[in-house]
Amino acid sequence: MSETVVHVLRHGEVHNPDGILYGRLPGFRLSELGVQMAKAAAQALADKTVVHVVASPLERAQQTAEPIAGHFGLPVGVDERLIESANWFEGKKVSPGDGSFRDPRNWWVLRDPLTPSWGEAYQAIAERMFAALHAARIAAEGREAVLVSHQLPIWTLRRYVERKRLWHDPRKRQCGLASLTSFHFDGAKIAGIGYSEPAAHLIAMSATARTAKGA
């Protein structure tokens with residue numbers, strides 16, 4: 001049986017001048033640099049056998065998928081399972097020095113870092129992402145698919161597949177802007193995982209990468 005590959009792509013940089021954790025909020029589009037990142041990802045996939053492109057319903061993910069789908073003459077599908085994780089701090093500034101973590105009124109939200117208490121459970125994220133991954137594998141049997149999602153869901157999926165504990169240090173995630181985490185299947189079994197950053201030359205210019213507010 002021929003190999004099937006499902007590439008899980010993180011969206012590009014988002015226009016976020018106020019530096020908030022935007023999560024699932026509507027209206028957050030790619031920045032101009034983010035558009036270039038999406039094009040870089042499309043270029044990296046240009047010689048692949050992509051037959052299926054699906055993205056999170058959030059605007060930044062749909063935008064990132066468009067140049068890939070356009071290259072292969074495919075529509076951009078929507079899969080709710082690829083959406084960003086829910087987070088209690090959505091709409092707030094949460095970087096060091098912004099005050100949200102030091103405010104005693106928020107401490108109850110931070111009581112359990114393992115589940116976590118401030119948002120969607122890691123296990124729930126892993127299960128929905130794993131289901132979306134296998135749906136794409138079936139749709140692209142013997143060829144390649146692209147799923148566009150968000151940093152935490154992608155990283156949680158990878159740790160789940162690698163049988164690692166799901167709670168982790170966010171600073172150590174290997175999931176850069178417009179990066180590809182590629183799952184290689186032998187039949188229905190995952191035979192390997194690859195990682196690449198086709199937009200690495202643009203990430204150095206990214207305000208999101210410097211402040212770590214991107215999702």
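Reply: Strand 1 (residues 4-10) is mostly covered, with 7 of its 7 residues buried. This is a predicted model, in which local features need pLDDT of at least 70, side-chain atom pairs count only at pLDDT 80 or more, and totals for chains, interfaces and linings use all residues. Residues are numbered from 1 along each chain as its sequence is written, and side-chain values use heavy atoms, with hydrogens and water left out.

Me: Why is His134 called buried?

Reply: Buried means under 20% relative accessible area, exposed over 50%, and partly exposed in between, with a 1.4 Å probe and protein chains only. His134 has 17% relative accessibility, so His134 counts as buried. His134 lies in helix 3 (residues 122-139), where helices (H or I, at least four residues) and strands (E, at least two) are DSSP runs numbered from the N terminus.

Me: What does His134 touch, not counting residues up to four places away in sequence?

Reply: His134 touches Phe185 and Ala188 under that condition, contact meaning heavy atoms within 4.5 Å.

Me: How do you know that strand 1 and strand 5 pair, and in which sense?

Reply: Two strands pair if DSSP finds at least two bridges between them. Strand 1 and strand 5 (residues 180-186) have 6 bridges, in the antiparallel sense, and the bridge partner of Leu9 in strand 5 is Leu180.

Me: What makes strand 1 and strand 4 a pair?

Reply: Strand 1 and strand 4 (residues 144-149) are joined over 6 bridges, in the parallel sense, and Leu9 stands opposite Val148 in strand 4.
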